[in-house]
Amino acid sequence: TLDAQPQVLVAATGLHQPTVVRDLTAAIYELGASVTATKKAVLGEHYSLLMSVWLPGAQPNDAARKLNQALAQSFSAPNTNLTLIPLEPKSAAAITHDAETVTRRLRVSCPQKPGVVLAITRLLQDHGATTSHMEAGTSAKGGTIWFELECLVELSPQVVDEVAQQLQFWSESGGASLDFDQSAFVTHSPLSHA
């Protein structure tokens with residue numbers, strides 16, 4: 001069977017440098033490894049990056065050790081914190097769980113106030129839901145600071161309607177506009193991507 005499950009998660013944070021992804025992927029390539037997924041966000045002068053890496057024929061700890069050695073020799077990024085985490089293969093139960101969930105996009109816009117993210121994530125967690133991608137930001141509109149949040153939510157199909165109803169109740173009582181649907185994720189916050 002074909003098996004290209006990532007064995008290492010690379011986490012990098014620091015002052016934004018335009019060459020960091022190029023230099024990081026060059027070291028990965030030289031090792032004979034491949035990037036399986038990556039996310040990078042820039043907020044002001046700082047960036048945060050997650051990248052999963054597959055090294056053919058290697059176990060997670062061995063792949064992390066080899067990648068760490070390769071990066072020590074060829075990757076230099078001042079003011080960057082780099083962490084490598086060995087990833088164990090997904091269990092059969094985790095793969096089954098993934099197959100039994102659906103994904104919904106949640107978008108919320110409301111006047112800025114403390115506790116918005118807490119209320120939403122608590123409601124989702126109470127129904128066994130998880131968020132795989134979340135962006136949030138604020139902007140001034142008509143003399144008021146508005147908070148906007150967009151995320152992807154994975155949850156059991158059995159609880160979708162109940163979660164939708166509770167989110168709608170929360171939004172109506174809190175003066176928020178809300179979408180909870182199957183549409184694509186669109187970035188609307190002031191976070192920028194590279």
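Leu178 counts as buried because its relative accessibility is 17%, where buried means under 20% relative accessible area, exposed means over 50% and partly exposed lies in between, computed with a 1.4 Å probe on protein chains only. The model is a predicted one, in which local features need pLDDT of at least 70 and side-chain atom pairs count only at pLDDT 80 or more, while totals for chains, interfaces and linings use all residues. Residues are numbered from 1 along each chain as its sequence is written, and side-chain values use heavy atoms, with hydrogens and water left out.

Leu178 is found in strand β8, helices (H or I, at least four residues) and strands (E, at least two) being DSSP runs numbered from the N terminus. Leaving aside its neighbours within four places in sequence, Leu178 is in contact with Leu106, Arg107, Val108, Leu167, Gln168, Trp170 and Ser171, contact meaning heavy atoms within 4.5 Å. Leu149 lies 29 residues from Leu178 in sequence, and the two C-alpha atoms are 9.6 Å apart in space.

One of the contacts of Leu178, Ser171, lies in helix α5. Ser171 counts as buried because its relative accessibility is 1%. Residues up to four places away in sequence not being counted, Ser171 touches Ala176 as well as Leu178.

The strand that holds Leu178 belongs to an open sheet of four strands, whose order is β6-β7-β5-β8 and whose pairing is antiparallel; two strands pair if DSSP finds at least two bridges between them. At the edges stand β6 (130–141) and β8 (177–181), each of which pairs on one side only. From one strand to the next, the twist averages 10°, axes being lines fitted to C-alpha atoms, for helices over the stretch in contact, and angles running from 0 to 180 degrees between N-to-C directions. Strands of a sheet pair through backbone hydrogen bonds, either parallel or antiparallel.

Within this sheet, strand β5 (residues 102–111) is joined to β8 by five bridges, and the two run antiparallel. Arg107 stands opposite Asp179 in β8. Helix α4 (residues 116–126) packs on the sheet, where it touches β5, β6 and β7 (144–155), and its direction makes about 20° with that of β7. Helix α5 (residues 160–174), the helix that carries Ser171, lies across β5, β7 and β8 and runs at about 170° to β8.

The structure holds seven salt bridges, a salt bridge being a side-chain nitrogen of Lys or Arg within 4 Å of a carboxyl oxygen of Asp or Glu. Side chains of opposite charge can pair when their charged atoms come close. Glu148 is buried, with a relative accessible area of 13%, whereas Arg107, at 23%, is partly exposed.

Another salt bridge is found within a helix. Arg65 pairs with Asp62, the closest N and O atoms being 2.4 Å apart. Because Arg65 and Asp62 are three residues apart in helix α2 (residues 60–74), they are separated by about one helical turn. Arg65 is partly exposed, with a relative accessible area of 43%, and Asp62 counts as partly exposed at 25% relative accessibility. Together with Lys66, Asp62 and Arg65 are linked in a network of salt bridges.

Further strand pairing involves β3. Strand β1 (residues 8–15) pairs with strand β3 (residues 46–54) in the antiparallel sense over eight bridges, and the bridge partner of Gly14 in β3 is Tyr47. Strand β2 (residues 34–43) also pairs with β3 in the antiparallel sense, over nine bridges, with Trp54 in β3 as the bridge partner of Ser34. The hairpin of β2 and β3 has two residues between the strands, and in this hairpin Gly44 takes a positive phi near 65°.
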